[in-house]
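Keep the structure open as you read.

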Amino acid sequence: MTKERSEKEMEEIRKIELEAHLPGHPEPIRIRTGDIARLSDGAVIVQQGETQVLVTAVMDEKPMEDIDFTPLAVEYREQTAAFGRIPGGFSKREGKPLDREVLVARLVDRPIRPLFPKDYYYDTIITALLLSADDKYDPDILAITGASAALHLSRIPWEGPIAGVRVCKIEEKFVVNPTYEERKKADLDIVIAGTEDAIVMVEGGGKEVPEEVLNEALYFGHRALQPLIKLQEELRQIVGQPKLDYEKIDLPQEWKEKIKEFAGEKIYQALFIRDKRERKETLDRILEDTLQALQVPEELLFRAKVYYKELESEIMRKHLFDTGVRIDGRKPDEIRPITIEVHPFPRPHGSAIFRRGQTQAAVSVTLGSPEEAQLEESIYEGEWYRRFMLHYFMPPFSTGEAKPWGPPRRREIGHGYLAQRALEPLIPDEETFPYTIRVVSNILESNGSTSMATVCGASLALFDAGVPIKGGKHVAGIAMGLVMREDGKYIILTDILGDEDHLGDMDFKVAGTRDGITSVQMDIKVKGITKEIMREALERARKARNYLLGLMYKAIPKPREKLSPYAPRLEIVEIPEDKGTLIIGPGGKTVREIQEKTGATVWVLEGGKVSITAPNEESLEKVKKMIKEITKDVEVGDIYVGKVTRVEPYGAFVEILPGKVGLLHVSKIPGYIRDARDIYKVGDIIKVKVAELDELGRPKFTTRGVHAGEQKIENLYITEWGGEYLKQMKEGKTFEQLREKERRKAQERREKDELSSDEIT
C-alpha cells in the first residue's frame with residue numbers, strides 16, 4: 001500500500017475533530033485530523049485550552065537492513081512564535097534543540113517505542129511542533145497523546161493506542177493536567193503514559209512523597225487517561241488507515257535450532273562470568289565460533305547475530321526463574337558491593353567517588369556567584385535563572401569503547417535531569433545559601449544504573465562542599481528491574497546490571513530520602529505492569545534506598561560546617577535602597593574601583609541588596625567595609641582623610657569616600673587665603689572636617705582645628721586612600737609632614753613630566 005494520494009482524494013479528506021473530558025477537569029482535550037499535514041502517514045493537532053501541538057508520523061517505504069532495533073526517532077520543537085515572543089540573542093532563528101525540547105522528545109519516545117512490533121525495521125520519524133502555547137497547560141503531555149493518535153490513525157504497524165496525563169498532588173488531592181500555577185503548589189508532579197490495560201511509562205518527582213502515595217497517584221492517572229484512549233479509537237473508526245502488511249525479516253527456524261544446539265550450553269556457562277568485560281569478550285568469541293563452525297550463509301549472518309542475542313536473553317531468564325540466581329551470582333534483592341570515597345579531589349569545592357559493583361561515578365561540586373546561574377527560557381515564565389545544575393557525562397571509556405568523546409547526547413541530558421530532579425527539593429533556598437551550585441558527574445565505569453550512582457555521588461559531594469542541604473538529608477537512588485514470563489510469573493530485581501537492563505522487561509529508577517521519593521522514572525519493554533507489581537517494586541526500592549543511605553551517612557553524616565578554602569566567599573548585604581547608585585558610581589566607576597582593589601565581584605541587586613563574591617574571607621571583609629563607608633551617612637563633625645579632585649580659586653573639592661565629594665571653601669581654611677590653588681593641588685591627600693550639609697545632603701568641609709598634631713587619629717574615618725597615612729601617623733609622623741612629603745613627590749613627578757595635564761590643573 002502506498003501513501004501517495006491523488007489531488008482529488010486530498011480534496012475529499014475532511015476535517016475531523018473530537019474531544020474528551022478528563023475526570024474533574026474543566027477544559028476538554030481535542031484531537032483534530034484530516035485537513036493538516038496530509039502528506040504524512042498520520043497527523044493530528046492535540047489541544048487543551050489554547051495550547052496546541054501538531055504531531056506527525058512518517059515511515060520509510062523500505063525496511064532498514066542489518067539492524068536489530070526499532071529505527072524510531074522523535075523530535076519535539078518549541079518555537080517562540082507559539083507563545084508570542086521573538087528569540088533572544090543575536091540570531092532570531094531557533095537553533096539546536098534546547099534541553100527542554102530534548103527531554104520532551106524522550107518523554108514521547110519512551111512509551112511508544114515498546115509497542116512497535118519486534119520485527120519492524122522501517123525508519124519512522126515522529127515530529128511534534130508546538131503551534132500555540134497559553135499560560136496554563138504544558139504541551140508535553142499533549143505531545144504524548146498526539147504521537148499515539150498519529151500512529152494509531154496511520155498505516156504504521158503499532159500496538160497502541162496510549163495516552164499521557166500529568167498528575168499532581170495539591171493540598172492532599174490528586175489533580176489531572178493542572179495548570180502551571182497549580183503545579184507550583186504541588187508536592188508530587190508526575191507524567192504517566194498508559195494503554196487501556198496498564199501503565200507503560202512514568203516520569204516525575206516529588207517532595208519526599210511516601211511510596212503508597214505515589215502508587216495511588218499512578219493508578220489515579222491511569223484511570224484518568226481512559227477517555228483519551230476511547231477518543232483515539234473513535235477517530236480510528238472514522239479515518240483510520242489499514243495497517244501495513246510489512247515484510248518481516250527473520251532467521252529461518254532451522255538455523256535458530258542449529259545455533260541453539262551448538263551454542264546454548266556455552267552461552268549458559270559464559271553468562272555467569274561476573275566481570276562484565278570478560279563476560280562480553282567470551283560471549284563474542286562464542287558467537288564467532290558458532291558462525292564459523294555452522295558456516296552460516298553471508299545473507300543470514302546479521303539475523304544470526306540478532307538471534308544469538310535473543311538466545312542470551314532466553315537462557316538468562318530461564319536460569320533466573322529456575323534457580324533464583326542472577327548472572328553475577330546475586331539473589332534478586334541483593335545489592336552489589338558499595339565503596340564510597342569523600343573528597344578524593346583537592347581543588348573542587350566538594351567531591352566524591354561512588355562505586356556500586358562495576359558502576360562508578362566521580363562527582364564534583366562547584367560554588368559560584370548568583371550571576372553565574374544558567375539563563376533559561378520557558379513557555380510560561382519567560383526568561384529565568386537556574387541556580388542549581390547537574391550535568392552528567394558518560395565518556396566512551398566507561399564502557400571500554402575506543403571512541404572519541406563527543407558533545408552530550410540525549411541520554412546524557414536525560415540522565416542528568418533525572419538526577420537533578422532527585423536532589424532539587426533538598427537544595428537550600430537563595431536566602432539561606434545564595435550560591436549558584438553546579439554538580440558534574442563523570443561516569444568512569446558503566447554496568448547499570450549510572451544515573452542512580454550519580455544521585456548518590458552528588459549527595460555525598462554536596463555534603464562535602466558544605467552546602468546546607470535541607471534537613472541535613474542524603475538522597476540515594478536505586479534501579480529496579482523486572483523479568484516476566486508469558487504465564488504471568490515475574491521476578492523483581494534490585495540494582496540491575498547493564499545486561500539485565502538490556503535483557504529484562506523493565507527499568508524502574510527510584511530516588512529519595514528516608515522520608516520519601518523525590519524522583520522516579522520507569523521504562524518498560526512489555527505492554528504494561530499491574531498495580532501489584534508496582535507496589536512490590538516500590539517497597540523493594542525503599543528497602544534498597546535505606547540501605548544505601550545508611551552507608552552514605554556513615555561516610556559523611558552531615559554537611560561540612562566550613563566551605564572549601566578554594567570556594568568563593570559569597571554574601572548578600574543589605575543597604576538603604578536609595579544608596580545603590582552610590583556603590584555603582586558615575587558610569588560604574590565606583591563599583592569598578594571596588595572590584596579592582598579587592599578582586600571581588602560586586603552586583604547591586606533590587607530591593608537594597610548587594611551581592612559580593614570574593615576569592616577569600618579577607619577580600620570579602622574588605623568589600624563589606626568599603627560598602628559600609630560608601631553608604632554611611634556623612635554627619636556634621638565627622639573628620640575624614642580625603643583626596644583633592646578639583647581646585648578652583650574659591651576652594652578645593654575633596655572626595656572623602658568613593659563618589660562622596662564636598663567643597664572646602666577658602667573661607668573655611670585657617671588664615672587669609674585668596675586662591676585655593678596656592679596651597680592645594682589635584683591629588684593632595686588632606687584631612688577635613690564636615691562643617692555642614694547643604695540642602696541636597698552634600699558635605700561642606702573645614703580644616704580649622706584638624707591640622708593640629710594632637711588630633712587623635714582614632715577619630716578619623718580612614719578610606720582606601722587614607723590607609724597608608726593612618727599607618728605612618730601611628731609611627732609618629734604628623735599629618736603636615738606627610739602632606740609635605742606628598743607635595744615633594746608631586747613636584748618631582750612634575751619636573752619629570754610624569755604628571756598628566758589633568759593632574760597638574
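Q: Does Glu424 count as buried, partly exposed or exposed?
A: This is a predicted model, so the answer rests on computed accessibility. Buried needs under 20% relative accessible area and exposed needs over 50%, with partly exposed in between. Glu424 has 31% relative accessibility, so Glu424 counts as partly exposed.

Q: Which residue forms a salt bridge with Glu424?
A: The closest N and O atoms of the pair are 3.2 Å apart. The cut-off is 4 Å, so that distance qualifies. The partner of Glu424 is Arg386.

Q: How many residues apart are Arg386 and Glu424?
A: Arg386 sits in strand S15 (residues 382-386). Glu424 sits in the loop between helix H10 (410-423) and strand S17 (436-445). The pair links distant parts of the chain, and the separation is 38 residues.

Q: Is Arg386 buried or exposed?
A: The limit for buried is under 20% relative accessible area. Arg386 comes in at 13% relative accessibility, so Arg386 is buried.

Q: What relative accessible area does Asp495 have, in its salt bridge with Arg356?
A: The closest N and O atoms of Arg356 and Asp495 are 3.8 Å apart. Arg356 is buried, with a relative accessible area of 0%. Asp495 is buried too, and its relative accessible area is 0%.

Q: Where does Lys118 lie, the salt-bridge partner of Glu310?
A: The side chains of Glu310 and Lys118 meet at 3.6 Å, N to O. Glu310 belongs to helix H9 (residues 301-323), and the partners are 192 residues apart in sequence, so the bridge ties together separate parts of the chain. Lys118 lies in the loop between helix H2 (99-112) and strand S6 (122-132).

Q: Which residues are linked with Arg100 in a network of salt bridges?
A: By this rule the model has 51 salt bridges. Some of them join into a network that includes Arg100. The residues linked with Arg100 are Glu78, Asp138, Asp140, Arg166, Arg183 and Asp189.

Q: Which residues have the most contacts inside the largest nonpolar core?
A: In soluble globular proteins, nonpolar side chains tend to be buried together. Here the largest nonpolar core has 140 residues. Apart from it lies another core of 23 residues, including Leu291 and Tyr307. In the largest core, the residues with the most contacts are Ile112, Ile437 and Phe508.

Q: Which residues does Ile437 touch, leaving out those up to four places away in sequence?
A: Ile437 is one of the residues with the most contacts in the largest core. Its list holds Val365, Thr366, Leu367, Arg387, Phe388, Met389, Ile427, Leu462 and Val467.

Q: What is the omega of the peptide bond from Gly160 to Pro161?
A: Most peptide bonds are trans. Pro161 is in the loop between helix H3 (140-153) and strand S7 (163-170). The bond from Gly160 to Pro161 is cis, with omega near 5°.

Q: What phi does Glu208 have?
A: Most residues other than glycine have a negative phi. Ala37 has a positive value near 45°, and Ala37 lies in the loop between strand S2 (29-33) and strand S3 (42-48). Glu208 lies in strand S10 (residues 199-209). Its phi is positive as well, at about 55°.

Note on methods. Residues are numbered from 1 along each chain as its sequence is written. This is a predicted model: local features need pLDDT of at least 70, side-chain atom pairs count only at pLDDT 80 or more; totals for chains, interfaces and linings use all residues. Side-chain values use heavy atoms; hydrogens and water are left out. A nonpolar core is a set of buried Ala, Val, Leu, Ile, Met, Phe, Trp, Tyr and Cys residues joined through side-chain atoms within 4.5 Å. Buried means under 20% relative accessible area, exposed over 50%, partly exposed in between (1.4 Å probe, protein chains only). Contact means heavy atoms within 4.5 Å. Helices (H or I, at least four residues) and strands (E, at least two) are DSSP runs, numbered from the N terminus.
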